[in-house]
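Please examine the sequence and the structure before reading on.

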Amino acid sequence: MTQRRFDDEDEDDFPEWVDRIKNNVAGEVRRRRKEMRWSAQRLAERCEELGHPIPRNVIANLESGRRANLPLVDVMVLAAALYTSPICLIFPVGYVEQTQELPFQHLIPTWDAMRKFTGEQPGHDSDAGLIPDFNRHANLVRTIEAALYETERADFATKTAATPAEREEAERRKADYAKRAKEDTQQLLWVRESIRDEDATPPDLPPALAAIDPPDIGTDEEDDI
(Lines give C-alpha, C1' and ligand atoms only; values in the text may rest on other atoms or scores of the structure.)
Protein backbone atom coordinates (compact mmCIF):
# COMPACT_ATOMS: atom_id res chain seq x y z
CA MET A 1 0.00 0.00 0.00
CA THR A 2 1.37 3.40 -0.98
CA GLN A 3 2.29 6.14 1.44
CA ARG A 4 1.27 9.31 -0.37
CA ARG A 5 2.82 11.83 2.02
CA PHE A 6 5.09 11.40 4.99
CA ASP A 7 2.88 13.72 7.07
CA ASP A 8 -0.36 12.02 5.99
CA GLU A 9 -2.10 10.52 9.03
CA ASP A 10 -4.49 8.38 7.00
CA GLU A 11 -4.46 5.04 8.82
CA ASP A 12 -4.72 3.26 5.47
CA ASP A 13 -1.08 4.18 4.87
CA PHE A 14 0.24 2.35 7.92
CA PRO A 15 0.30 -1.17 6.43
CA GLU A 16 3.19 -0.33 4.10
CA TRP A 17 5.62 -0.03 6.98
CA VAL A 18 4.11 -3.00 8.81
CA ASP A 19 4.24 -5.12 5.67
CA ARG A 20 7.81 -4.03 4.96
CA ILE A 21 9.00 -5.23 8.36
CA LYS A 22 7.08 -8.49 8.05
CA ASN A 23 8.55 -8.98 4.56
CA ASN A 24 12.04 -8.41 5.96
CA VAL A 25 11.51 -11.14 8.54
CA ALA A 26 9.74 -13.49 6.13
CA GLY A 27 12.40 -13.15 3.46
CA GLU A 28 15.24 -13.76 5.88
CA VAL A 29 13.49 -16.72 7.52
CA ARG A 30 12.99 -18.27 4.09
CA ARG A 31 16.55 -17.51 2.97
CA ARG A 32 18.17 -18.95 6.07
CA ARG A 33 15.87 -21.97 6.12
CA LYS A 34 16.77 -22.83 2.52
CA GLU A 35 20.44 -22.14 3.19
CA MET A 36 20.28 -24.72 5.98
CA ARG A 37 18.33 -27.06 3.67
CA TRP A 38 15.51 -27.28 6.15
CA SER A 39 11.85 -27.79 5.34
CA ALA A 40 9.23 -25.62 7.02
CA GLN A 41 8.34 -28.71 9.04
CA ARG A 42 11.93 -29.07 10.29
CA LEU A 43 11.94 -25.42 11.33
CA ALA A 44 8.61 -25.89 13.12
CA GLU A 45 10.04 -28.88 14.97
CA ARG A 46 13.08 -26.86 16.01
CA CYS A 47 10.85 -24.07 17.37
CA GLU A 48 8.96 -26.65 19.40
CA GLU A 49 12.24 -28.02 20.74
CA LEU A 50 13.05 -24.51 21.94
CA GLY A 51 9.80 -24.39 23.90
CA HIS A 52 7.66 -22.12 21.69
CA PRO A 53 5.84 -24.10 18.99
CA ILE A 54 5.26 -22.38 15.66
CA PRO A 55 3.32 -24.73 13.37
CA ARG A 56 4.51 -25.47 9.86
CA ASN A 57 1.48 -23.79 8.28
CA VAL A 58 2.15 -20.60 10.29
CA ILE A 59 5.73 -20.54 8.99
CA ALA A 60 4.48 -21.18 5.45
CA ASN A 61 1.96 -18.34 5.76
CA LEU A 62 4.67 -16.03 7.08
CA GLU A 63 7.00 -16.76 4.19
CA SER A 64 4.25 -16.35 1.62
CA GLY A 65 3.01 -13.08 3.10
CA ARG A 66 -0.37 -14.45 4.17
CA ARG A 67 0.23 -14.13 7.90
CA ALA A 68 -1.59 -11.13 9.36
CA ASN A 69 0.58 -10.54 12.43
CA LEU A 70 4.05 -11.33 13.65
CA PRO A 71 4.51 -11.48 17.45
CA LEU A 72 7.92 -10.49 18.79
CA VAL A 73 8.20 -13.80 20.64
CA ASP A 74 7.91 -15.63 17.32
CA VAL A 75 10.72 -13.55 15.84
CA MET A 76 12.91 -14.35 18.85
CA VAL A 77 12.30 -18.10 18.60
CA LEU A 78 12.62 -18.21 14.81
CA ALA A 79 15.97 -16.44 15.12
CA ALA A 80 17.20 -18.91 17.72
CA ALA A 81 15.95 -21.83 15.64
CA LEU A 82 17.82 -20.51 12.60
CA TYR A 83 20.99 -19.84 14.63
CA THR A 84 20.93 -16.09 14.19
CA SER A 85 19.70 -13.07 16.16
CA PRO A 86 16.30 -11.35 15.99
CA ILE A 87 17.88 -8.15 14.72
CA CYS A 88 19.20 -10.03 11.68
CA LEU A 89 15.66 -11.09 10.79
CA ILE A 90 14.14 -7.64 11.28
CA PHE A 91 16.96 -5.82 9.48
CA PRO A 92 18.63 -8.28 7.07
CA VAL A 93 21.80 -6.28 6.43
CA GLY A 94 23.24 -7.13 3.02
CA TYR A 95 20.06 -8.79 1.79
CA VAL A 96 17.63 -5.85 2.00
CA GLU A 97 19.16 -2.63 0.74
CA GLN A 98 16.74 -0.13 2.32
CA THR A 99 13.97 -0.14 4.88
CA GLN A 100 11.94 2.19 7.12
CA GLU A 101 12.38 2.86 10.81
CA LEU A 102 8.76 3.94 11.36
CA PRO A 103 5.63 4.68 9.34
CA PHE A 104 5.75 7.69 6.99
CA GLN A 105 9.54 7.88 7.10
CA HIS A 106 11.81 7.82 4.10
CA LEU A 107 13.69 4.68 3.22
CA ILE A 108 17.18 4.51 4.69
CA PRO A 109 19.98 1.94 4.37
CA THR A 110 19.13 -1.19 6.35
CA TRP A 111 22.52 -0.97 8.10
CA ASP A 112 21.61 2.49 9.45
CA ALA A 113 18.15 1.33 10.53
CA MET A 114 19.66 -1.62 12.38
CA ARG A 115 22.21 0.54 14.20
CA LYS A 116 19.55 3.04 15.24
CA PHE A 117 17.30 0.19 16.43
CA THR A 118 20.08 -1.18 18.65
CA GLY A 119 21.13 2.26 19.90
CA GLU A 120 24.57 2.05 18.28
CA GLN A 121 23.70 5.11 16.19
CA PRO A 122 21.30 7.24 18.23
CA GLY A 123 19.29 9.87 16.44
CA HIS A 124 19.36 13.53 17.39
CA ASP A 125 16.03 13.14 19.18
CA SER A 126 16.58 9.77 20.86
CA ASP A 127 18.42 8.57 23.94
CA ALA A 128 20.56 5.45 23.56
CA GLY A 129 20.55 4.91 27.30
CA LEU A 130 23.57 3.00 28.56
CA ILE A 131 24.22 1.13 25.30
CA PRO A 132 27.22 3.35 24.35
CA ASP A 133 28.70 2.82 27.83
CA PHE A 134 28.25 -0.95 27.61
CA ASN A 135 29.79 -0.98 24.12
CA ARG A 136 32.72 1.05 25.40
CA HIS A 137 33.03 -1.32 28.36
CA ALA A 138 33.15 -4.37 26.07
CA ASN A 139 35.76 -2.78 23.81
CA LEU A 140 37.98 -1.85 26.76
CA VAL A 141 37.76 -5.36 28.22
CA ARG A 142 38.89 -6.81 24.89
CA THR A 143 41.82 -4.41 24.52
CA ILE A 144 42.95 -4.93 28.12
CA GLU A 145 42.85 -8.71 27.79
CA ALA A 146 44.81 -8.48 24.54
CA ALA A 147 47.37 -6.15 26.11
CA LEU A 148 47.82 -8.44 29.13
CA TYR A 149 48.28 -11.42 26.83
CA GLU A 150 50.92 -9.59 24.79
CA THR A 151 52.62 -8.47 28.02
CA GLU A 152 52.96 -12.10 29.08
CA ARG A 153 54.35 -13.05 25.68
CA ALA A 154 56.85 -10.23 25.80
CA ASP A 155 57.85 -11.25 29.32
CA PHE A 156 58.51 -14.78 28.12
CA ALA A 157 60.51 -13.42 25.18
CA THR A 158 62.57 -11.34 27.59
CA LYS A 159 63.48 -14.41 29.64
CA THR A 160 64.33 -16.52 26.61
CA ALA A 161 66.05 -13.91 24.45
CA ALA A 162 69.19 -15.19 22.77
CA THR A 163 70.89 -11.81 22.43
CA PRO A 164 70.92 -8.50 24.33
CA ALA A 165 69.22 -6.84 21.36
CA GLU A 166 66.35 -9.34 21.42
CA ARG A 167 66.01 -8.90 25.17
CA GLU A 168 65.92 -5.13 24.84
CA GLU A 169 63.24 -5.29 22.15
CA ALA A 170 61.16 -7.71 24.23
CA GLU A 171 61.45 -5.47 27.28
CA ARG A 172 60.33 -2.49 25.21
CA ARG A 173 57.27 -4.40 23.97
CA LYS A 174 56.49 -5.57 27.50
CA ALA A 175 56.61 -1.99 28.83
CA ASP A 176 54.43 -0.71 25.97
CA TYR A 177 51.74 -3.36 26.44
CA ALA A 178 51.80 -3.00 30.22
CA LYS A 179 51.32 0.77 29.86
CA ARG A 180 48.44 0.22 27.45
CA ALA A 181 46.78 -2.24 29.82
CA LYS A 182 47.12 0.19 32.73
CA GLU A 183 45.71 3.15 30.78
CA ASP A 184 42.76 1.15 29.46
CA THR A 185 42.08 -0.25 32.92
CA GLN A 186 41.75 3.29 34.23
CA GLN A 187 39.31 4.04 31.41
CA LEU A 188 37.38 0.87 32.24
CA LEU A 189 37.10 1.87 35.90
CA TRP A 190 35.79 5.27 34.82
CA VAL A 191 33.16 3.67 32.57
CA ARG A 192 32.06 1.32 35.35
CA GLU A 193 31.76 4.21 37.77
CA SER A 194 29.75 6.28 35.29
CA ILE A 195 27.34 3.35 34.88
CA ARG A 196 26.93 3.12 38.66
CA ASP A 197 26.31 6.87 38.77
CA GLU A 198 23.21 6.17 36.67
CA ASP A 199 21.98 3.75 39.38
CA ALA A 200 22.69 0.89 37.00
CA THR A 201 24.83 -2.22 37.29
CA PRO A 202 27.93 -2.54 35.08
CA PRO A 203 28.65 -5.80 33.24
CA ASP A 204 30.43 -8.65 34.99
CA LEU A 205 34.18 -8.66 34.52
CA PRO A 206 36.10 -11.65 33.19
CA PRO A 207 38.15 -13.56 35.80
CA ALA A 208 41.43 -11.92 34.73
CA LEU A 209 40.00 -8.46 35.49
CA ALA A 210 37.70 -9.30 38.40
CA ALA A 211 39.97 -7.64 40.96
CA ILE A 212 40.10 -4.18 39.37
CA ASP A 213 36.95 -2.87 41.10
CA PRO A 214 37.56 -1.08 44.41
CA PRO A 215 37.04 -3.49 47.34
CA ASP A 216 34.28 -1.36 48.90
CA ILE A 217 31.96 -1.69 45.89
CA GLY A 218 28.68 -3.11 47.13
CA THR A 219 29.33 -2.29 50.81
CA ASP A 220 26.64 0.39 50.96
CA GLU A 221 24.03 -1.93 49.54
CA GLU A 222 24.94 -4.67 51.99
CA ASP A 223 24.80 -2.28 54.94
CA ASP A 224 21.26 -1.23 53.98
CA ILE A 225 19.94 -4.80 54.16
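## Salt bridges and ring contacts

Helices (H or I, at least four residues) and strands (E, at least two) are DSSP runs, numbered from the N terminus. The model is predicted, so local features need pLDDT of at least 70 and side-chain atom pairs count only at pLDDT 80 or more, while totals for chains, interfaces and linings use all residues. Residues are numbered from 1 along each chain as its sequence is written, and side-chain values use heavy atoms, with hydrogens and water left out.

The side chains of Lys-159 and Asp-155 form a salt bridge of 3.2 Å, N to O. A salt bridge is a side-chain nitrogen of Lys or Arg within 4 Å of a carboxyl oxygen of Asp or Glu. Lys-159 counts as exposed because its relative accessibility is 65%; buried means under 20% relative accessible area, exposed over 50%, and partly exposed in between (1.4 Å probe, protein chains only).

A search of the whole structure finds 16 salt bridges. The table lists some of them.

| Salt bridge | Distance, N to O |
|---|---|
| Arg-31 and Glu-28 | 2.7 Å |
| Lys-159 and Asp-155 | 3.2 Å |
| Glu-169 and Arg-172 | 2.6 Å |

Glu-169 and Arg-172 are separated by about one helical turn because they stand three residues apart in helix α8 (residues 164-197). Glu-169 is partly exposed, at 33% relative accessible area, and Arg-172 is also partly exposed, at 42%.

In helix α1, Arg-31 and Glu-28 are three residues apart, about one turn of the helix. Glu-28 is buried, with a relative accessible area of 5%, whereas Arg-31 is partly exposed at 22%. A network of salt bridges links Glu-28, Arg-31 and Glu-35. Arg-31 also lies over the face of Tyr-95, at 3.7 Å from the ring centre. For such a placement, NZ of Lys or CZ of Arg must be within 6 Å of the ring centre and within 35 degrees of the ring normal. Arg-42 is placed over the face of Trp-38 in this way, at 4.7 Å from the ring centre.

The structure holds two aromatic pairs. One of them joins Trp-38 and Tyr-83: the ring centres are 6.5 Å apart and the planes meet at 70 degrees, so the pair is edge-to-face. This pair links distant parts of the chain, 45 residues apart, with Trp-38 in the loop between α1 and α2 and Tyr-83 in the loop between α4 and α5. Rings of Phe, Tyr and Trp (its six-membered ring) pair if their centres lie within 6.5 Å; planes under 30 degrees apart count as stacked, over 60 as edge-to-face and the rest as tilted. Trp-38 is buried at 16% relative accessibility, whereas Tyr-83 is exposed at 53%.

Tyr-83 has a phi near 55 degrees, a positive value in a residue other than glycine. Arg-37, another residue other than glycine, has a positive phi near 60 degrees. Arg-37 is found in the loop between α1 (14-35) and α2 (40-49) and is exposed, at 79% relative accessibility.

Finally, Thr-99 lies in strand β1 (residues 98-99) and counts as buried, at 0% relative accessibility. Its side chain makes a polar contact of 3.2 Å with that of Asn-24.  A polar contact is a pair of N or O atoms within 3.5 Å; within protein, one must be able to donate a hydrogen and the other to accept it, and residues adjacent in sequence count only if both atoms are side-chain atoms.
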